[in-house]
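Keep the sequence and the model in view while reading.

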Amino acid sequence: MKNYRLLMLTTLIISGCSMVYELIISAVSSYLVGDSTLHYSITIGLYMFAMGVGSYLSKYIKKDLFNWFTNIEIGVGVLGGLSSLLLFLSNLYLESYELVMYVEIILIGTLVGAEIPILTRIIEMDKKNLRLTLSNLFSFDYIGGLIGSVAFPLILIPKLGFFATAFMAGSFNLICASLIVFKYQKRIRGARYYKMTTIVLLTVMLMGMFLSENIGNFIEHGLYRDNVIMSEQTPYQKIVVTRHKDDVRLYIDGNVQFSSMDEYRYHEALVHIPMSIASSRSEVLVLGGGDGMAARELLKYPGTNITLIDLDSEMTRICSEDKVIAELNEHSLSSDRLTIINMDAYEYLENCDKKYNVVIVDLPDPNNEALAKLYSNVFYRLCGNVLQPGGIINVQSTSPYYATKSFWCVTKTLEREGFTVAPYHLQVPAFGDWGFNMAVKNDNEYLIETAEGTKIDTDRISLDENVETRYLSNDNIPGLFIFGKDEKPADMNDIDINQLTKPVMIQYYNDAVRNWE
């Protein structure tokens, strides 16, 4: 067994690297295309299938086992190391991104599936210790998988990003191949050729790792139409800021959050409609809004104290310290009337004892499970629990035109939780037709009885004369509550509420994205 200790060590490394490749393909696909549930499921299922194929095909390998094992390590190292780069390039230049993704999964999975059977047959020659050796072999394999799966979200992606992580994992595979070649060179045909090949390829992978920032900048300039002036991977998301002439845009995981040319339209509608109808404005809770734009509008109301909850401390730091963004939000994140708490909005509401007059939900679109949870029935129930009597909620609700089911799903979910809801929308050039759902409980003084039932008396909305706006006026506010036929579902019964245990919002939103792409 002593003769195979190096092979045991390589098993640990190889297993960890293969797990990293699987996670990279899933994460990059979710990042570029969306629908994380679909892409993680496809990747895991197809990867397992390909491993089964590789394991089956390994039975036809009957000699030169060390040569085959080395070839497989080299193949996995090269394919895995280039996996992120190939996925991003295919998204930029090819129509069939999914085809490249599937090919990567199948090739890497097939090679990984052949590793353990071949390694087992190499060790099988030592029949005396076969039982003990095999148990150790599989133990190392499973431990390596655990290390890779834990390191990926906690260390590798936050610290290195997609490209450096892939190149580093590829380097580890090639290091394993090199160790095997040098250790067992007498049992490898053409060992001299393999030594040269592994060293050259390892050098390429290491160069890719050290040049990953430059590669990332090149890719980002292709992904974003404008010049990238800031790019940072946080533990939670990729934040990118671009600039073209006077237009500054902020992106989170590839999705635009605002354009400086028209963000005032969105944020005025988000903030001033509910603030104009609130019976009191002393305490306001903002869930999300880490860019500080909503806070900027809220600070126009004297005496208003703001609590801003944003998961990502790097987001609020960047938007308070970056000169360009801080000028746009008028340094709102540094105001002594603003308290920033960096934690999950759901968790904050679960443990919140404070009551608020207005709750503004300014969260990213629900394109994954973590965000869809923040559009759920239980989340809105928690929002209602922190409202003062007469309080009001306003929810960023995607587009009633581009994502009709998603928008009205928010409306229906709020209504199911006992809110009276007033949906409204406006044109934001960077986004298109965009909507909000303003909701109140039955103790609100602005509720009136109509022939259709109880509703919010939106005719009583009047802007504070001391609040300066660029888009909103008392003349155009009534029109925001009118929807065209193509902005409403044919039948509301076709739309389910978004439950915590049944997150239909993900399907609605991702279907809308696919339709408009």
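Strand 6 pairs in parallel with strand 7, which covers residues 338–341, and four bridges join the two. Within this pairing, Leu308 has Ile340 of strand 7 as its bridge partner. The model is a predicted one.

Strand 6 also pairs with strand 5, residues 283–288, again in the parallel sense, here over five bridges. Val284 is the residue that stands opposite Ile306 of strand 6. To get from strand 5 to strand 6, the chain passes through helix 10, residues 293–298, and this β-α-β crossover is right-handed. Strand 6 itself spans residues 305–309, and four of its five residues are buried, so the strand is largely enclosed by the rest of the structure.

Another part to look at is the pair formed by helix 1, residues 5–33, and helix 2, residues 36–57. Their axes lie 8 Å apart and the helices pack at an angle of about 150°. Angles over 145 degrees count as roughly antiparallel, and therefore helix 1 is roughly antiparallel to helix 2. The crossing of these two helices is right-handed. Residues of helix 1 that make the contact include Ser18, Leu23, Ile25 and Val33, while those of helix 2 include His39, Tyr40, Ile44 and Tyr47.

Is Phe210 buried or exposed? Its relative accessible area is 66%, and the cut-off for exposed is over 50%, so Phe210 is exposed. Phe210 and Leu79 are 131 residues apart in sequence, and their C-alpha atoms are 18 Å apart in space.

Definitions and conventions:
Residues are numbered from 1 along each chain as its sequence is written. This is a predicted model: local features need pLDDT of at least 70, side-chain atom pairs count only at pLDDT 80 or more; totals for chains, interfaces and linings use all residues. Side-chain values use heavy atoms; hydrogens and water are left out. Buried means under 20% relative accessible area, exposed over 50%, partly exposed in between (1.4 Å probe, protein chains only). Two strands pair if DSSP finds at least two bridges between them. A crossover is right-handed if, with the strands pointing away from the viewer, the path from the first strand over the helix to the second runs clockwise. Axes are lines fitted to C-alpha atoms, for helices over the stretch in contact, and angles run from 0 to 180 degrees between N-to-C directions. Angles under 35 degrees count as roughly parallel, over 145 as roughly antiparallel, 65 to 115 as roughly perpendicular and the rest as oblique. A crossing is left-handed if the near helix is turned anticlockwise from the far one by less than a right angle, and right-handed if clockwise. Contact means heavy atoms within 4.5 Å.
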